[in-house]
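Have the model open while you read.

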Amino acid sequence: MNSPTDLAAAFTDRFGGEPDGLWSAPGRVNVIGEHTDYNDGFVLPFAIKHSTTVAAAVRPDRIVRVASTFAPDDAPVTADLDSLEEGGVQGWAAYPLGVLWALEQSGHRCPGMDLLVDSSVPVGAGLSSSAALECSVAVAANELSGAGVSRRELAAIGQLAENRMVGAPTGIMDQSASLLGEAGHAVFLDCRTTESRLVPLDLEGAGLELMVIDTRVSHSHSTGGYAARRRSCELGAELMGVPALRDLSVGDLAEAAGVLDEETFRRVRHIVTENARVEDTVKVLTEKGPAEIGPLLVASHASMRDDFEISCAELDTAVDAALDAGAIGARMTGGGFGGAAIALARVGDVPAIRDAVEAAFTAAGFRAPVIFSVLPGAGAARLA
């Protein structure tokens, strides 16, 4: 990732003028609460140091030009804000252009802009590179347009862009983590009300690290299994006569087993039990600290593997190897079908866990994973 000075210089080289500023937004790791967000449930993500930065300058017209440091020789994607339509942009530029479209759909007029994007968030790893891109553009556009939109509303604008311009049926978790995160804390988010509060997550103080194991198996939220799982959840809620699966408790599962077909029941069971695990994790973190949440992480992975069926051989291998090597807890994170797993470990156990996971991937004939540690960081901000 480029330094702010280098990114500003690259912007000048690309567009012929200096940027009005640089804005950055982080990716996220979700401690627990997977696929609960679009079911009006609970999630517990935190912002990470890996981030996307956008250099931006206002134009005198309604034209937007978007370019990336990853394709310095490609011509910028150009669009007219007056003619942007839902679903009318293809490729990665749909994310930043979708944010500007969604901001205008929400009643806030945007000026034309030149945007140059740079990022250190791994794409397709389940760390929400898409939300980092959306939120960096959202905070830039919010300031440059003078819209004065709150962070909570910006999260909804990012979700609207991803749902309707990109066509990915995601919830509001990723944008909320990117915008609301603070160092040393996770964000406990109620996805129905969008109310949130910070929960202490002092990994360093507890002598712990949260390892991210990027399997390098890419996934896409706009296609395939993610959308199918969402449809199953909507069907389950409809058949159970509730607005969303958030409205079911673990005590309702016996009734659900008699109403739903076997597959839909398992999908519903994951969401219901995962919501309970999020609330339990918040309680444990508050009362006992992060070293005690391991069993909840393990149970979450088993639920995603067996009931929601969104894991894969690489993710299961990562989780099993990490636990066998001494991790306190481990689970896949993100939307599934690839991406990353997380492992909570004592600092002294990290090297052995890393070696064990890498050895397990080699033995299985998988591509070597990318393994790194993360700490809860700050949310989106202006850099310069």
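1. Start with H2, since 10 of its 12 residues are buried, so this helix is largely enclosed by the rest of the structure. Buried here means under 20% relative accessible area, with exposed being over 50% and partly exposed in between (1.4 Å probe, protein chains only). Helices (H or I, at least four residues) and strands (E, at least two) are DSSP runs, numbered from the N terminus.

2. A caveat on the source: this is a predicted model, where local features need pLDDT of at least 70, side-chain atom pairs count only at pLDDT 80 or more, and totals for chains, interfaces and linings use all residues. Residues are numbered from 1 along each chain as its sequence is written, and side-chain values use heavy atoms, with hydrogens and water left out.

3. Which residues of H2 are buried? They are Ala94, Tyr95, Pro96, Leu97, Gly98, Val99, Leu100, Trp101, Ala102 and Leu103. Their cover includes strands E3 (63–68), E4 (77–80) and E5 (113–119), plus helices H3 (129–145) and H4. After H2 comes Gly107, with a positive phi near 95°.

4. Now look at H2 (residues 94–105) against H4 (residues 151–166): their axes come within 8 Å and cross at roughly 115°. Axes are lines fitted to C-alpha atoms, for helices over the stretch in contact, and angles run from 0 to 180 degrees between N-to-C directions. That makes H2 roughly perpendicular to H4. For angles, under 35 degrees counts as roughly parallel, over 145 as roughly antiparallel, 65 to 115 as roughly perpendicular and the rest as oblique.

5. On the H2 side of this contact (heavy atoms within 4.5 Å), the residues include Tyr95, Val99 and Trp101, and among their H4 counterparts are Ile157, Leu160 and Met165. By class, the H2–H4 contact has 11 nonpolar, two polar and two charged residues. Nonpolar covers Ala, Val, Leu, Ile, Met, Phe, Trp, Tyr, Cys and Pro; Asp, Glu, Lys and Arg are charged, and the others, Gly among them, are polar.

6. The second pair is H9 (residues 294–306) and H10 (residues 313–324), packed at about 155° with axes 12 Å apart. That makes H9 roughly antiparallel to H10. Val298, His301 and Arg305 in H9 meet Leu315, Asp316, Val319 and Leu323 in H10. The contact divides into four nonpolar, one polar and two charged residues.

7. For context, UniProt lists residues 286–361 as "domain: GHMP kinase C-terminal" in an unreviewed entry. Over residues 286–361 the chain is 51% helix and 16% strand, with the end C-alpha atoms 35 Å apart.

Methods: UniProt positions renumbered as here; feature names shortened; annotations may be inferred.
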